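Trainee: I'm new to this one. Can you put it up and walk me through it?

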Amino acid sequence: MSNTATLATLSGSDLAADPNWWRQAAVYQIYPRSFSDSNGDGLGDIKGITAKVPYLKDLGIDAVWLSPFYPSALADGGYDVDDYRDVDPKLGTLADFDEMSAALHAAGIKLIADIVPNHSSDRHVWFQEALASPRGSDARERYIFRDGKGEHGEIPPSDWESVFGGPAWERITEPDGTPGQWYMHIFAKEQPDLNWSNREIRDDFLKTLRFWSDRGVDGFRVDVAHALTKDLTEPLLSRLELGGTSDGADGFDDGSHPFWDRDEVHEIYVEWREVFNEYTPPRTAVAEAWVHASRRARYASPAGLGQAFNFDLLQADFAADEFREIITRNLAEATESGASSTWVFSNHDVVRHATRYGLPQGGGRHAKGQDGKGWLLAGAPAEDLDVELGLRRARAATLLMLALPGSAYLYQGEELGLQEVGDIPDAERQDPTFFRNKGVEIGRDGCRVPLPWATDGTSFGFGDGGAHLPQPAWFGRYAVTAQDGTEGSTLEFYRKALKLRRELQTSEELEWLETGHAGVLHFRRHGGWQSVTNFGHDAVELPAGEVLTSSGPLDGRLLPGNTTVWLR
Ligand code: GLC
């Protein structure tokens, strides 16, 4: 199969000006509050990132995606934004941001900012104004306010549930002190949904896109891109009419859900694209859209956001047939939409893949959430976990991913082989998922624990003042200093693979080669670069070719199980 989209050469100084730099970029996600703490307050910050630019450069990534760094009370890890055009004072200043951006650019690294348009925080001036203003006022029209049902309006306008659990509506107290209207929040109650049928909201976000683009941001990751437009025609449908669930669009393939993946949402992104194209090179975007696979390409259209996350591999088992089907289908979709595909195994919302793959098969499925909750994952049960196998498979999967056409999204800490932290005490948990589900889902804190930079010392080199989520004693083994320069370490493995990828990657083509083994995937890229993954347990003979790198030790010309090798 072949994908003949535009060639992208992602090397050297071409990168800065190349309008296609994103098509095959390796993008490293930084969750800023857990990356590096420069001032010892236990929370990672912008200056901490700037200090680690040499590390990022050595790693060999093309871009950084920065999760929200805006002022926030952290009701949802920063995805509750108080002000879209500022930096959280706990993380630094706009001047610090500019300094970080300049340092990244000087190192040849692009910067992608996370933008959160579906909801603001309840501390945003707009929401505060809405609370202080009467029913029907312009201020209320920026959000989704409705009267409740029942004699005294005491019943929520519908029985919709928040993705984090509990009702999707919260009642307010009116300025005169009486119980009042309800507002909609698909996520936490501190994240009121904005009303995207209001022109003022649309214009304000265009202003925000220009604000960051003018400051040198190269692209945007669009949070829950599929939720912005809503059909709130009365009577509101009940959960039963929505198929018993209101927390996902996976089952809807026709845009008929009242708030997920509606067709009108794309009108917004056409306007955004016009703004992106005001810049040279044009700003890029990637949609986070958990939609029916048949509708994902719309988000990735060149007239819209240009790229959309594909979470298929993330949700798959470590199995050759599943991987092959997913890769084939997604490359075909990318060709059709004109986008390039995206690949990802780990991010700030899911159990780290080194842990998922250490769970009994079906561990991938487990990643879907035991109760079918889509992306909100239950934590990994320690008793079933095979840490060594998990890491081995994670490295094999990553090396395969890095050989695929399209862009690869990496999550901070995976280059250290970090495992999920499964045993954070309840009292120290932060994720609203945990609280709103009364602990049924342990939430996403386990992949957000601050990184270990050193084998010992206060918070393993994260900073001088502890870590805002507790780091387990075993974190030291995974520290950067323990792996730097150590042959065979996961860090050195990532560095080598990323460097080779840059050198080898040219056009966006992939050709499958048949191996005669059901559990082995073998493909070739332009220029003779090949990747072979043995998903099974027994070693198989290596195909001919010079070995460039491998995810684990080889046994002469034998490729052991759970291992990937690159050949030429
Ligand atoms: C996205 C983010 C997630 C956040 C949610 C609400 O899915 O990745 O972390 O909780 O949106 O903003």
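Mentor: Start with strand 1 (residues 26-30) and strand 2 (residues 63-66): they run parallel, joined by 4 bridges. Strands here are DSSP E runs of at least two residues, helices are H or I runs of at least four, and both are numbered from the N terminus. Two strands pair if DSSP finds at least two bridges between them. The model is predicted: local features need pLDDT of at least 70, side-chain atom pairs count only at pLDDT 80 or more, and totals for chains, interfaces and linings use all residues. Residues are numbered from 1 along each chain as its sequence is written, and side-chain values use heavy atoms, with hydrogens and water left out.

Trainee: Which residue is the bridge partner of Gln-29 in strand 2?

Mentor: Trp-65.

Trainee: And what holds paired strands together?

Mentor: Backbone hydrogen bonds, in either a parallel or an antiparallel arrangement.

Trainee: What is the strand order in the open sheet of 7 strands?

Mentor: The order is 8-7-3-2-1-10-9, and the pairing is parallel. From one strand to the next, the twist averages 25°. Angles run from 0 to 180 degrees between N-to-C directions, with axes fitted as lines to C-alpha atoms, for helices over the stretch in contact.

Trainee: Which strands does helix 4 touch?

Mentor: Helix 4 (residues 94-106) packs on the sheet against strand 2 and strand 3 (110-115), and its direction makes about 140° with that of strand 3. Contact means heavy atoms within 4.5 Å. Helix 15 (residues 490-504) lies across strand 1 and strand 10 (407-411), at about 160° to strand 10.

Trainee: Switching topic. Which residues come nearest to the ligand?

Mentor: Asp-76, His-119, Asp-223, Glu-288 and Asp-349, out of 14 residues around the ligand. A residue counts as near if one of its heavy atoms lies within 4 Å.

Trainee: What is in that shell, by class?

Mentor: There are 4 nonpolar, 3 polar and 7 charged residues. Ala, Val, Leu, Ile, Met, Phe, Trp, Tyr, Cys and Pro count as nonpolar, Asp, Glu, Lys and Arg as charged, and the others, Gly among them, as polar.

Trainee: How far is the polar side-chain atom of Asp-76 from an oxygen atom of the ligand?

Mentor: 2.6 Å. For His-119, a side-chain N or O atom lies 2.9 Å from a ligand oxygen. His-348 also has a side-chain N or O atom 2.9 Å from an oxygen atom of the ligand. The protein buries 100% of the 310 Å² that the ligand exposes when taken alone. Those areas come from the Shrake-Rupley method with a 1.4 Å probe.

Trainee: What about the open sheet of 3 strands: parallel or antiparallel?

Mentor: Antiparallel, in the order 4-6-5. Strand 4 (145-146) and strand 5 (169-173) are the edges with a single partner strand each, so one side of each has no neighbour in the sheet. Strand 5 pairs with strand 6 (residues 179-184) over 4 bridges. Arg-171 has Trp-182 as its bridge partner in strand 6. These two strands form a hairpin with 5 residues between them, and Gly-177 in the turn has a positive phi of about 90°.

Trainee: Where does Leu-74 lie?

Mentor: In the loop between strand 2 and helix 4. Leu-74 is not a glycine, yet its phi is positive, about 65°.

Methods. A polar contact is a pair of N or O atoms within 3.5 Å; within protein, one must be able to donate a hydrogen and the other to accept it, and residues adjacent in sequence count only if both atoms are side-chain atoms.
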